[in-house]
Amino acid sequence: MEAKEASTPATGGGCSVSAEEIGKWMEEAMQMAKEALENIEVPVGCLMVYNNEVVGKGRNEVNQTKNATRHAEMVAIDQALAWCRASGRSPAAVFERTVLYVTCIPGYRAEEAVEMLKNFYKQENPNAPKSKVRKKECPRS
């Protein structure tokens, strides 16, 4: 039997990812999860892939670093941001077209962090108070 190759649109960017690519990247994420387990961490692995290149990858490092924020997704985001700085790319443009592969459903906080980063790099702050400055309209002649 031959397996049919499916194509799934990646969120937000309009690009598509084949079933074969998903399998390849998830296998790599699983290796990260195994590495986490070997280091007495919750076995979660994460990859951030931009234009078929891994720009960030991570595994849980909470116990190892004694830092509750070092979940796999956060480690991968930090690496992706470093990649953007090193390559001179706009994080907004990169994150918009990056596919996130995680070995389990991201927790609420990690999911929120990804959404906040997307908004931050669009130069929008959804939590900022509304401006109290009134713009004066000039009469047109």
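**Entry 1: cysteines**

I searched the whole structure for disulfides, meaning pairs of cysteine sulfur atoms within 2.5 Å, and the search found 0. C46 is in no disulfide, and its nearest cysteine sulfur, that of C104, lies 9.3 Å away. I note that this distance from the sulfur of C104 to that of C46 is too far for a bond. For background, a disulfide is a covalent bond between the sulfur atoms of two cysteines.

I then looked up accessibility, calling a residue buried under 20% relative accessible area, exposed over 50% and partly exposed in between (1.4 Å probe, protein chains only). C46 has 0% relative accessibility and counts as buried. C104, at 36%, counts as partly exposed.

**Entry 2: basis of the values**

I record that the model is predicted, that local features need pLDDT of at least 70 and side-chain atom pairs pLDDT 80 or more, while totals for chains, interfaces and linings use all residues. Residues are numbered from 1 along each chain as its sequence is written, and side-chain values use heavy atoms, with hydrogens and water left out.

**Entry 3: the sheet**

I took helices (H or I, at least four residues) and strands (E, at least two) as DSSP runs, numbered from the N terminus. Two strands pair if DSSP finds at least two bridges between them. In general, strands of a sheet pair through backbone hydrogen bonds, either parallel or antiparallel.

I found an open sheet of 3 strands in the order β4-β3-β5, with antiparallel pairing. Its edge strands are β4 and β5 (98–102), each of which pairs on one side only. Neighbouring strands are turned by 15 degrees against each other on average, direction ignored.

Strand β3 (residues 45–50) pairs with β5 over 5 bridges, and L47 stands opposite Y101 in β5. Between β3 and β4 I read 6 bridges, again antiparallel, with Y50 opposite E53 in β4. These two strands, β3 and β4, form a hairpin with 2 residues between them, and N51 in the turn has a positive phi of about 50 degrees.

**Entry 4: helices on the sheet**

For packing I used contact, meaning heavy atoms within 4.5 Å. Axes are lines fitted to C-alpha atoms, for helices over the stretch in contact, and angles run from 0 to 180 degrees between N-to-C directions.

Helix α3 (residues 72–87) lies across β3, β4 and β5, running at about 145 degrees to β4. I checked its length against an expected span of 1.5 Å times one less than the number of residues. The 16 residues of α3 should span 22 Å, and its end C-alpha atoms are 22 Å apart, which agrees. Buried residues in α3 include V75, I77, L81 and W83. G88 follows α3 and has a positive phi, near 70 degrees.

**Entry 5: salt bridges**

I counted a salt bridge where a side-chain nitrogen of Lys or Arg is within 4 Å of a carboxyl oxygen of Asp or Glu. By this rule there are 2.

R59 forms a salt bridge with E35, the closest N and O atoms being 3.1 Å apart. This pair links distant parts of the chain, with R59 in strand β4 (residues 53–59) and E35 in helix α1 (residues 19–38), 24 residues apart. R59 is buried at 7% relative accessibility, whereas E35 is partly exposed at 35%.

R70 and D78 also meet in a salt bridge, at 2.8 Å from N to O. I read R70 as buried, with a relative accessible area of 16%, and D78 as partly exposed at 36%.
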